[in-house]
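Open the model in your viewer and keep the sequence panel beside it. The stops below say what to select next and what is there.

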Protein chains: 2
Amino acid sequence: MSPRPPTSRPPWTATPKRRTMTESAAPPIGVGLLGFGGVGQSVYRTLAEQRDYYAARSGRAITVPRIAVRDRARSRTLSVDPGVLTDDALAIATDPALAVIVEVMGGVEPAITCIRAALEAGKHVVTANKEVMAIAGPELLELAYQRNVELLYEASVGGGIPIIAPLQRDLHANEVAAVQAIINGTTNFMLTAMAREGLTYEAALAEAQRRGYAEPDPTNDVDGTDAAYKLAILATLAFHVTVRPDDVYREGITQLTPKDFTYARRLGYIVRLVATARRAAGGLDVRVHPTLLPEDDPLAKVDGVLNAIAVEGNLIGRALFEGPGAGPAPTTSAVIADLLDIVRGIASGRRPRRPRPPSVEACIQPVGSLRMQYYLRALVRDRPGVLAEIGSALADNNISIASLLQMEADAVAGTAEIAITTHHAREADCDRFLAQAARLDAVVEQGIRLRIEDPWG
Amino acid sequence: MSPRPPTSRPPWTATPKRRTMTESAAPPIGVGLLGFGGVGQSVYRTLAEQRDYYAARSGRAITVPRIAVRDRARSRTLSVDPGVLTDDALAIATDPALAVIVEVMGGVEPAITCIRAALEAGKHVVTANKEVMAIAGPELLELAYQRNVELLYEASVGGGIPIIAPLQRDLHANEVAAVQAIINGTTNFMLTAMAREGLTYEAALAEAQRRGYAEPDPTNDVDGTDAAYKLAILATLAFHVTVRPDDVYREGITQLTPKDFTYARRLGYIVRLVATARRAAGGLDVRVHPTLLPEDDPLAKVDGVLNAIAVEGNLIGRALFEGPGAGPAPTTSAVIADLLDIVRGIASGRRPRRPRPPSVEACIQPVGSLRMQYYLRALVRDRPGVLAEIGSALADNNISIASLLQMEADAVAGTAEIAITTHHAREADCDRFLAQAARLDAVVEQGIRLRIEDPWG
């Protein structure tokens, strides 16, 4: 175990000379960059700073001669030769001098049109765009397959966390039973803050906006749309069927109140916005909603803006991938990994060999067929017989109580707050109970219904 | 968000017909299996059970016509045509009818000889063998590169957890700053049991053996050798230099006592056997030893036989990969993922394009150059002035105290147990202090010195 004597330079930065010598002769590979916001600038800067390192590792240097921006006149922190910038993204996508297009502009259009044009022009494409891949991914991947080029999208889910490639390759031997994920950092930050600091939804959102974790219009994050896009991408990969964003049942976090976090904690649960895709008897069960997780569940321990994706397979059991789910640097990590993969293929003269994308649309299980445990909160009259009335309505709908908390009695108003957890029950029965409870004299105000999940229990 | 009507069959099992039709015409790819213990039988059974599914996914069917066993006469739960079995592993490794060799026999020899022979015969190789890859990996990978065949080894570290491929590809854009891992399930199970149930080392080992988590001779697990092998493999990949098992400084868990877990917990720490590889000023810092981790550190939450690998890179920040680190089924997940990758390459006529393995040996930082916080436990005389004496010896060696617990005074013997945590100090200074403390009248018996790490703090 005696250490070797140190050499003159730190060895991890070393590049064996044999490779740079032989391979630097080939001309650099031209990359067109679509989008020059935070991610685009980070990708550009990293490619410039690490040019030699990446050339040595992938076999060819990379150059970025053209960048599409929304507004050429806008001033930027990163100074770029103005001749490189253009506002004609489509012209870059079809430029014969470019071998690869990196799309980091975001949004549905013109991104889809540009990616389609690039693939049709025989270019490889790297995209970080979850909306594009969720909405048009299956068609674009089929187009890439037909044209024998690559369309890689590791950055579209989970930021820099490797999850697309592991699902495509490393977990390939498994039949996947479920994917369960925290894939929206904005809401996870808010839920963590609401639990820890007792913030209201509004206060948590304001704090997330102040820190730049939430956009001025946070709708797509807080209503679960963003997570539904990402889940559609993951489920399509995991189950080899096409899952569309509209297939994903979704509920957002706007209904949650500080007391739900208090009650959940007292019942042994943590509230998270969980994206689930699971095989079920009636089809694929794909949904995004606030979920009560047992506090020792690995996903319950994922705090703040982190993302985590758990994959359950017949061989692996359960594997968990965790890391920063957003931000320019992590996204750059994934974008450049995809890019280097393509460059290595071009440099070695070995064409891609991706599997063909699925051609079968998913069969989706209706959410009413779910059988889960539920958390129900309501404001009820504080008088004898109320619990009997509610218990009887629950029993009428085949729902049995697992635990009950009665809290915050208001002597003046004559009301009390109750939180109930149920044993496993059918979602349709739960819906029927809620409709019935709304008409009960005992119930002053229905609060919220949340699903409880103990995925590995 | 309305669900599609269900189709007649569960879609995730569906294979688009176009692929099986066109591709099943080619003959199956012959695989030679070396080793038929738990993993070998699991691989064989899974390949048989999932034959059509894997053929559809990878483009060619797989057949396993030859299996090397240690003893042909031994009875097995899995019934195999006796003609398939042989005790001549080398004959399989060089059989011209086989395109791929899967080595799951374990141990150094004859595994290395067989893998070398297979590579020299132009065969692709998949191995789950950490010893082989740690000891001879660099040479075998160079041989594979020269012969233009693949040598894949995802299963050699972390069982089924994808970590080799993510380091090779998905985190490729990063300069890795550190890898920190719990990669020995046996010791992690023991440490978890010692912390939770107050077991002694001996009792925890007996429990691990009873459950089949520890071997009858547990030396390689409990002294850190197994983790050092795996760390050498990970560090070689992460830092693009050759790290040998002997480069890894290592300490095992045999010195730990139940009270160390009690004291650590009171000080806010969890004890784990952590494998660390990190860039440092003096070279690569690579070591395996029991470590006190802050209780909110992600690795501190990894309980039981689970494994987890954290990778810190300049772009990604920190990514964590967690899952089952051993066992036939998870290992099969990784072995078959590698195998399907190779099969897909053969089926599509596209040769591998792995990067060349590093040709530079790592420069290793001597462990004496470490600067860490330390936990020191000792039995001291229970009399005035003792702490002053110890404090003065610490100060003489540039070590300052962060916290001190005095516990378990023994009035009869006139002794007390103390546990000290220090601020950051040089390891060499700490060594000098320990030598000096051994001669102090105040110190009755030196207990243990453990390192404290707050890797992301």
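**Stop 1: a parallel sheet in each chain**

Select Val102(A): Val126(A), in strand 5 of chain A, stands opposite Val102(A). The model is predicted, and local features need pLDDT of at least 70, side-chain atom pairs count only at pLDDT 80 or more, and totals for chains, interfaces and linings use all residues. Residues are numbered from 1 along each chain as its sequence is written, chains are lettered from A and ligands numbered from 1 in the order in which they are written, and side-chain values use heavy atoms, with hydrogens and water left out.

Now select strand 4 (residues 100–103) and strand 5 (residues 124–127) of chain A, which run parallel and are joined by four bridges. Two strands count as paired if DSSP finds at least two bridges between them.

Switch to chain B. An open sheet of six strands is found there, in the order 3-2-1-4-5-6 and with parallel pairing. In chain B, strand 4 (residues 100–103) pairs with strand 5 (residues 124–127) in the parallel sense over four bridges, and Val102(B) is opposite Val126(B).

**Stop 2: loops beside the sheet**

Select Glu109(A) and Pro110(A). The peptide bond joining Glu109(A) and Pro110(A) is cis, with omega about 10°. Pro110(A) sits in the loop between strand 4 and helix 5 (111–120) of chain A. In chain B, the bond from Glu109(B) to Pro110(B) is cis too, with omega near 10°.

Next, select Asn148(A), in the loop between helix 6 (130–147) and strand 6 of chain A. Phi of Asn148(A) is positive, near 60°, in a residue other than glycine. Most residues other than glycine have a negative phi, and most peptide bonds are trans.

**Stop 3: a link between distant parts of chain B**

Show the side chains of Arg244(B) and Glu139(B), which form a salt bridge with the closest N and O atoms 3.0 Å apart. A salt bridge here is a side-chain nitrogen of Lys or Arg within 4 Å of a carboxyl oxygen of Asp or Glu. Arg244(B) is in the loop between helix 11 (225–239) and strand 8 (249–250) of chain B, while Glu139(B) is in helix 6 (residues 130–147) of chain B, and the two are 105 residues apart. Over all chains, the rule counts 58 salt bridges.

**Stop 4: strand 17 of chain A**

Select strand 17 (residues 443–452) of chain A, which runs parallel to strand 10 of chain A and is joined to strand 10 by two bridges. Leu292(A) has Ile452(A) as its bridge partner in strand 17. Strand 13 (residues 371–381) of chain A pairs with strand 17 in the antiparallel sense over eight bridges. Leu376(A) has Arg449(A) as its bridge partner in strand 17.

**Stop 5: where the two chains meet**

Show both chains. How many residues of chain A are in contact with chain B? There are 88 residues of chain A in contact with 88 residues of chain B, contact meaning heavy atoms within 4.5 Å. Of the interface residues of chain A, 99% are also interface residues in chain B, so the copies meet through the same surface.

The area buried between chain A and chain B is about 8,000 Å², with carbon and sulfur atoms giving 53%. Buried area is the accessible area (1.4 Å probe) that two parts lose on being put together, summed over both.

Select Arg169(A) and Asp338(B), whose side chains meet in a salt bridge (2.7 Å, N to O).

Now select strand 12 (residues 317–324) of chain B and strand 12 of chain A, which run antiparallel and are joined by three bridges. Glu322(A) is opposite Leu320(B).

**Stop 6: the axis**

Finish with Phe321(A), which of the residues of chain A comes closest to the rotation axis, at 2.4 Å (C-alpha). Chain A can be laid on chain B with an RMSD of 0.0 Å by a turn of 180° and a shift of 0.0 Å along the axis. The two copies are thus related as by a two-fold rotation axis. The superposition is by least squares on the C-alpha atoms of residues with pLDDT of at least 70 in both copies.
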